Amino acid sequence: AARIETIIPPGGDPHSFEPSLRDRETLDGADLVIANGLELEESLADTIDAVKSNGTTVLRIGEFLDPLAIGPTSHDHDHDTADPGHSGDDPHVWWDPTRVATAVPVIADALVGAGLDRARVDVCAEQYASNLGRLDDDVNAIVALLPFDQRILVTNHDSLGYFANRYDFEVVGTVIPSSSSLAATSPAELDALADTIDATGVRAIFADTQNSSNDADALARRVGSVEVISMLTDTLGEPDSEAGTYIGWFRQNAQTIVDALTRPEAG
């Protein structure tokens with residue numbers, strides 16, 4: 001029904017990706033540009049704004065998904081702690097499939113507004129929303145095998161807040177104290193995080209495959225009781241892989257998280 005082009009390739013970091021002149025031409029020629037928003041595409045933001053100013057319709061989907069405020073996140077946290085790297089809302093909304101499901105009709109309406117046939121779009125939207133409901137059920141079943149006292153997360157940057165909120169986990173710390181992968185580590189906060197890991201018995205640090213895990217690796221060596229687990233946190237995998245679709249990506253990551261937290265303690 002439509003030709004879809006993706007600007008940020010698989011494996012790219014949406015926080016740091018900078019568009020080429022060809023990317024700008026692609027955006028200028030589009031009938032509809034769909035972005036995450038919420039300051040995720042930091043290095044693309046000026047280009048997207050310019051394209052919008054030139055008359056291209058831009059849908060920033062994150063603002064429609066009841067975003068969480070940036071800060072330490074667990075299922076019962078009030079999310080009132082400011083992120084030292086950013087302020088405002090957490091952009092990682094795709095880590096909750098129920099929020100993604102609420103995006104489906106919004107995107108469908110935008111596609112129809114761009115000229116697609118309403119009947120065809122609605123059939124696809126209804127089917128995909130149903131698939132997302134089954135995904136949420138599957139992830140709940142995967143997570144149910146993990147006791148509540150083991151649902152403790154440490155991440156490379158603050159990216160798993162929505163996952164924690166949806167599936168009753170607690171994020172007790174991040175190596176990079178920011179929702180942006182572009183922020184810097186803080187030696188003082190790393191010291192505090194090491195103490196937190198010791199106190200809580202955290203078993204894994206979840207790092208991003210698209211960014212360096214050097215600081216996470218150093219912290220793991222220092223503590224001696226955790227393993228660094230690499231995941232595709234901010235990107236899908238290659239199109240022909242299990243993680244090449246959102247549903248496959250989410251299910252794989254949920255299983256990776258549960259498996260890592262159920263392993264015997266390192267060291």
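Q: Which helix does Thr47 lie in?
A: In this predicted model, Thr47 lies in helix H2, which covers residues 45-53.

Q: Why is Thr47 called buried?
A: A residue counts as buried when its relative accessible area is under 20%, and the value for Thr47 is 15%, so Thr47 is buried. Once residues up to four places away in sequence are set aside, Thr47 touches Pro19, Arg24 and Leu27.

Q: What makes strand E4 and E6 the edges of the open sheet?
A: The sheet is formed by 4 strands in the order E4-E3-E5-E6, with parallel pairing. Strand E4 (170-176) and E6 each have a single partner strand, so one side of each is left without a neighbour in the sheet, and they therefore stand at the edges. On average, neighbouring strands of this sheet are turned by 30 degrees against each other, direction ignored.

Q: How do you know that strand E3 and E5 pair?
A: Two strands pair if at least two bridges are found between them, and strand E3 (residues 152-157) is joined to E5 by 2 bridges, the two strands running parallel. As for the residues, Val154 has Ile205 in E5 as its bridge partner.

Q: Which strands does helix H6 touch as it packs on the sheet?
A: Helix H6 (residues 187-200) touches E3, E4 and E5, and its direction makes about 145 degrees with that of E4.

Q: Which residues of the largest nonpolar core touch the most other members?
A: This core has 47 residues, and those touching the most other members are Trp95, Leu153, Phe163, Phe169, Phe206 and Ile257. Among the elements that each supply at least two residues are helix H3 (97-113), helix H4 (118-143) and strand E5 (204-208), while H8 gives the most, with 9 residues. Leaving aside neighbours within four places in sequence, Leu153 is in contact with residues including Phe163, Phe169, Phe206 and Ile257. A second, separate core of 14 residues includes Ile152, Val154, Leu193 and Ile205.

Conventions
Residues are numbered from 1 along each chain as its sequence is written. This is a predicted model: local features need pLDDT of at least 70, side-chain atom pairs count only at pLDDT 80 or more; totals for chains, interfaces and linings use all residues. Side-chain values use heavy atoms; hydrogens and water are left out. A nonpolar core is a set of buried Ala, Val, Leu, Ile, Met, Phe, Trp, Tyr and Cys residues joined through side-chain atoms within 4.5 Å. Buried means under 20% relative accessible area, exposed over 50%, partly exposed in between (1.4 Å probe, protein chains only). Contact means heavy atoms within 4.5 Å. Axes are lines fitted to C-alpha atoms, for helices over the stretch in contact, and angles run from 0 to 180 degrees between N-to-C directions.
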